[in-house]
Amino acid sequence: MSPITGPGLGLGTWPARRARISPDAPALVDRRRSLTYAELAHRVAQVAGGLARNGVRRGDRVAYLGVSAVEVLETCFAAWSLGAIAVPLNHRLAGRELRYLLEDCGACVLVHSADAAELVADAAPLPPSVRRLVAVRPDPSRPTGALVADTEFETGLATGPPAAADGDTGLDDPAVLLYTSGTTGRPRAAILTHGNLTWNTVNQLAHIDLLSTDRTLCVSPLFHCVGLSQVTLPALFKGASVELVERFDPARVLGRITDAGITGFAAVPTMLQMLCEHPDWDATDLSSLRTVVYGGSPVQERVARAWLDRGVHLQQGYGMTEASPGVYMATRDGTAAHPPTSIGVPHFFTDVAILRAGGPAPVDAEPGELLVRGPHVGPGYWERPEETIGSRVEGGWFRTGDVVRADPDGWAFAVDRVKDMYISGGENVYPAEVEAVVLGHAAVADCAVVGIADERWGEVGVAYVQPRAGAVVDPDELRGYLAARLAGYKVPAYVELVDELPRNATGKIRRVELQERAAAR
C-alpha cells in the first residue's frame with residue numbers, strides 16, 4: 001500500500017521537536033486546524049467509513065475539488081484505504097472542463113470545498129456516474145439547490161463508524177489519477193500505483209535528508225504531482241509535518257517560514273523570484289530553511305544569487321507526472337561545483353537513457369529525447385491504450401518528450417521540450433536556450449520564446465518579454481544584445497512586450513496560448 005496508509009497516521013499546538021515518529025506529532029496543518037498522526041489516522045478511518053456507506057468500493061474513483069486543505073488528504077487517504085482511486089482535480093478549471101474530467105474518470109463521488117461550489121454549478125449537468133456530491137463546509141450564503149450536497153463533509157463522511165483498511169490493496173493497484181495535457185488537446189489522466197508513489201518517496205528520501213522534526217510548507221497544489229507526491233508523502237513517511245497553503249502568496253509564505261520555522265518547500269522559479277523580490281524579503285528570518293527544491297525551468301542567476309546570499313541553497317529537480325514525478329535532482333553538496341541550470345543526477349532507483357536511431361543510448365553531451373524507466377514510472381494513461389503504447393519504446397522505456405544532455409560526470413541539463421523546438425533555416429532552435437540568454441538582460445523579468453511559420457526560413461522565433469518593474473525594454477536593443485551572445489538563427493525575429501506571461505495552475509507558461517497569439521499576427 002501507499003506509504004501513508006499504514007498504521008500510525010494521525011489538533012493541537014506544535015509540540016516540542018521530536019527526533020522520532022510519534023502519534024502525537026503534528027502531521028497536517030492548514031489555516032483552520034492541525035492534526036496529529038493519531039488524529040489523522042482516526043479521521044481517515046471515519047471518512048473511509050462514510051465513503052463506504054455511500055457505496056465506494058475497490059477500484060471506484062473518488063474525486064476532490066478545491067484549494068489545498070486537510071480534507072483533500074483525508075479524502076485521498078480514505079479512498080486508498082478502501083482500495084479506491086483518488087482523483088484530485090484542478091479547481092481553476094472552467095465548468096465544461098470539470099465536467100469532461102469527471103466523465104473521463106467516471107468518478108462516483110465528488111467532494112468539493114466551498115470555494116469550488118460555483119465551479120461545480122457551472123459544470124451542470126454532472127455526469128451520471130457521480131452518484132454522490134459532498135460539500136466541505138458549504139457557504140451558508142448560498143441557497144440550497146439541486147447541485148448543493150445534501151450532506152456536509154463532517155456530518156456525512158467524517159462521522160459514524162470507521163472502516164477498516166482494505167488489506168488486499170497491493171503495490172500494483174492504481175492509487176491516483178493525475179490529469180496532464182494530452183496529445184489530442186484533451187487532458188489525460190496518468191495512472192500512478194501505490195508502488196509508484198512508494199518508490200518515488202524512497203527516491204526522494206535518498207536524495208534529501210528529510211527528518212521527522214522537519215516542518216514542510218506545501219505551496220504547490222495537491223492536484224499536482226509535486227504537491228502530493230514530491231512534498232507531502234515523503235514528509236509524512238518520515239513523520240514530519242506538512243503545512244498546506246491554499247494559494248501561493250509571497251507575503252504569507254515568507255511569514256510562515258519565520259513564524260513556523262519552516263525547514264523546506266518546493267516551488268517553481270517564478271515563486272522563488274516573487275519571494276526574493278517581495279518587500280518582506282530582507283526582514284524574513286530564513287535560518288530554519290534547509291531544503292528548497294525547484295523545477296519546471298532553470299532559475300535566473302540573479303534569483304539564485306539572492307537566495308544563496310541569504311545562506312539558502314537551491315536544488316533543481318526534473319520530473320513529470322507520469323514518473324510520480326521525480327527523475328533528476330541536484331545533490332546538496334554538488335550544487336556549488338555545477339552550473340545552477342543543471343537538473344542534477346538521476347534518482348537512485350531511476351534508469352535514464354537517450355532515444356537514438358539505434359534505440360536507447362547513454363545520456364551524453366549530444367542532446368536527445370530523454371527516456372526513463374523505474375518502479376516509480378506509472379503504467380500508462382487511464383483508458384488511453386493507444387497513447388499508453390505510444391509513450392513507450394522497447395524495453396519499457398517511457399518517452400518524456402524532453403531533450404536533455406549531460407556532462408561527463410553525469411550532471412544533466414534540460415535543453416527543451418521536443419514539441420517546443422522549432423527549425424529555422426534548417427537548424428534546431430531550443431526556446432529554453434534563448435530564454436536563458438534573454439533573462440540575463442537587466443531589464444527583463446521573464447520571457448517565453450515560441451516559433452511561428454516563415455516563408456523564407458521555415459520558422460522564426462517570437463520572444464514574449466515581460467519587463468522588470470520600472471524598467472524599459474527596447475525590442476531592437478534586446479535583439480542586438482542577443483545577437484552578441486547567440487548564433488544568428490537563434491535570435492528571435494520578433495520581440496513582443498507583455499505585462500505578464502500566461503501561466504497555468506502550477507506556474508508553467510502556457511506556450512500554446514502564446515503560439516496561437518503569435519500565429520494570429
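Reader: At what angle do helix 6 and helix 7 pack?

Author: This is a predicted model. Helix 6 covers residues 194–207 and helix 7 covers residues 225–237. Their axes lie 9 Å apart, and the packing angle is about 80°.

Reader: Are helix 6 and helix 7 roughly parallel or roughly perpendicular to each other?

Author: The angle between them is about 80°. Angles of 65 to 115 degrees count as roughly perpendicular. Helix 6 and helix 7 are therefore roughly perpendicular.

Reader: How many charged residues does the contact of helix 6 with helix 7 have?

Author: Helix 6 brings Leu 197, Asn 200, Thr 201, Gln 204 and Leu 205. Helix 7 meets them with Ser 229, Gln 230, Leu 233, Pro 234 and Phe 237. By class, that gives 5 nonpolar residues, 5 polar ones and no charged residues.

Reader: Which strands are the edge strands of the open sheet?

Author: The sheet has 9 strands with mixed pairing, in the order 2-1-10-9-11-12-13-14-15. An edge strand pairs on one side only. The edge strands are strand 2 (34–36) and strand 15 (345–346).

Reader: What angle does helix 1 make with strand 2?

Author: Helix 1 (residues 37–53) packs on the sheet. It touches strand 1 (26–29) and strand 2. Its direction makes an angle with that of strand 2 of about 95°.

Reader: Which residue in strand 13 is the bridge partner of Val 293?

Author: Strand 12 (residues 291–294) pairs with strand 13 (residues 314–319). The sense is parallel, over 3 bridges. In strand 13, the partner of Val 293 is Gln 315.

Notes: Residues are numbered from 1 along each chain as its sequence is written. This is a predicted model: local features need pLDDT of at least 70, side-chain atom pairs count only at pLDDT 80 or more; totals for chains, interfaces and linings use all residues. Side-chain values use heavy atoms; hydrogens and water are left out. Two strands pair if DSSP finds at least two bridges between them. Helices (H or I, at least four residues) and strands (E, at least two) are DSSP runs, numbered from the N terminus. Contact means heavy atoms within 4.5 Å. Axes are lines fitted to C-alpha atoms, for helices over the stretch in contact, and angles run from 0 to 180 degrees between N-to-C directions. Angles under 35 degrees count as roughly parallel, over 145 as roughly antiparallel, 65 to 115 as roughly perpendicular and the rest as oblique. Ala, Val, Leu, Ile, Met, Phe, Trp, Tyr, Cys and Pro count as nonpolar, Asp, Glu, Lys and Arg as charged, and the others, Gly among them, as polar.
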